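Here is a colleague's note to read beside the coordinates. Please keep the model open while you go through the points.

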Amino acid sequence: MKNLKHRHTDPNKYMNPYVAGVLLGFVIIAAFFFSGEGLGGSGAFKDIVKTTVVTVAPDYAADTHYFKSATELAHSPLKTWLVFEVLGILLGGIISGAFAGRLKLKVEHAPNITSKKRIVYAVLGGALFGIGSQLGRGCTSGAGLSGMAVMSVSGFVAVAAIFGSGYLFAWFFRKLWI
Amino acid sequence: MTEEIITSGRNIPFIDPVLHIWHWQIPLYLFVGGLAAALVFFSAYFYIRGRGDELKTSVQIAPILAPVVIVLGLIALLLDLRHPAYFWQLYTTIRFDSPMSWGAWTLGIIMPLSVIWPLTYMKEIKEYYKDSHKLALWLIDLVDTVISMAFIKPIIDWFIKNRYALAWVNIILAVILGVYTGILLSAFNARPLWNTSILGPLFLVSGLSTGAATIMWMSRSVKERLIFSRIDLLLIAVEVFFIIHLFMGFLASGSVQIEAAELFLGGEFTAIFWIGVVLIGLLIPAMLETMELFGYHIPISIPALLILIGGILFRFIMVDAGQLTRYLY
């Protein structure tokens, strides 16, 4: 280890988005091939919420339409493809970040706002997206990507709605980024 | 109304058909016991090898944590006892055939020694933490004032002079403590998952690995981090081998052992064990540590944290799953 040199990779170098998009398409094909299911993000968090509610307040869960199905399972509600998929995304992200020299504990934000503000808005936005994904029966990956992959109309509508409203609302919150 | 009286030895609450007496206290204790054993082991080992100045964190700084985590473990053990007030009765006898007796005595001796070891390095600890938080400085000053008292100082000085002997005593006790955390389970011959002689070495190696992870997380020197990263890699390799060996042994054994192994090979602990312990707690950190050795920049806290999570998860799973396994049908 004497002649050990730390590699200097340019930390801002990301993959070409068009190439990454095609690769993501292959990921969906692989997901359908290996698991028989598409990709999803919000579903895993929904399962975590369900498991928490079933564990903490089993009586409430049994009385509630939304949580009832989770109480009737023979196994833990966490035992689904999406939970493991999201775990894999996390681990894959750590590994690819490490290879790109970008594995650091930091908060990324625009120069004009503080880290605290960024975290508050990210949590708020994340919560809104979680609620929205439940109303729309799926998030960008679950309803959008996987839906479009099977040529479902709802998939195209979901993507148009998510990105369309994204463009609209970006104007109001632009100060958070520029 | 007809009354029916059934006399059976098969329905013993909390014991049969499945054991249901150990909750979070025991696995938590097994984790902190292994961690403390590792911290004491590495400090004593590198001191004996004469590398105290080079590997400052492991020899002088990290051992501060040892008594803290041992106390946590002892509290957990006390909470597990039905009659905590009678714990002292363990010290009225020595029984070489009882793992509890071994553990009680080892803990009883290593506890004060693990306090004394960092006290002999008070000057270095003060120097090391001179820029830290006010509260930490106040605490260090307090301890320093206490050990500078006229009747305590000669005792500490005596230990500083005899540090080498203290290191030897510590290293032996640390190995006993580390192995004991596994033996405590493997001495239970009524539970097939625990009753295997590989469990002692497996828990020792796993404990050493969590200790190495803690030291590399605390260390401020790149060289020391790399050394502990390599030690940890080696320990992970040994641990993976032991885990494979454990299941090979079960599968080559009788039907109760095969049934015990099947809890992890398709049964209810499959996902949490292979993904939580083996993948997240061993293989991913091993990969990140290997990348670091090849010069990639890895924040050391990530592999260290993953190893600690894997270590604690491993003990909870072993204690939970072991209570489900049994001989009788």
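1. **Ground rules.** This is a predicted model: local features need pLDDT of at least 70, side-chain atom pairs count only at pLDDT 80 or more, and totals for chains, interfaces and linings use all residues. Residues are numbered from 1 along each chain as its sequence is written, and chains are lettered from A and ligands numbered from 1 in the order in which they are written.

2. **Confidence.** Chain A averages a pLDDT of 86 (the predictor's confidence in each residue, from 0 to 100). In chain A, 93% of the residues score at least 70. Treat residues 1–6 of chain A separately: pLDDT stays under 50 there. The model has five contacts for that stretch beyond four places in sequence. Two residues are in contact if their C-beta atoms, placed from the backbone, lie within 7 Å.

3. **Fold of chain B.** Chain B has 13 helices and zero strands. Helices (H or I, at least four residues) and strands (E, at least two) are DSSP runs, numbered from the N terminus. The radius of gyration of chain B is 22 Å, close to the 20 Å that the globule rule gives for 329 residues, so chain B is as compact as a globular protein of that length. The radius is taken over C-alpha atoms, and the rule is 2.2 Å times the number of residues to the power 0.38. The C-alpha trace of chain B spans about 80 × 50 × 35 Å along its principal axes.

4. **Core.** The largest nonpolar core holds 84 residues. Such a core is a set of buried Ala, Val, Leu, Ile, Met, Phe, Trp, Tyr and Cys residues joined through C-beta atoms within 7 Å. A36(B), V40(B) and A212(B) touch the most other members. Helix α1 (residues 25–48) of chain B gives the largest share, 17 residues. Beyond four places in sequence, A212(B) has contacts that include A38(B), F42(B) and F228(B).

5. **A loop residue.** G266(B) sits in the loop between α11 (255–262) and α12 of chain B. Buried or exposed? G266(B) is exposed, with 9 other C-beta atoms within 10 Å. The cut-offs within 10 Å are 20 or more other C-beta atoms for buried, 12 or fewer for exposed, and partly exposed in between, with C-beta atoms placed from the backbone.

6. **Chain contact.** In all, 14 residues of chain B are in contact with 15 residues of chain A. On the chain B side, α12 (270–293) and α13 (301–324) each supply at least two residues. α12(B) gives the most, with six residues.
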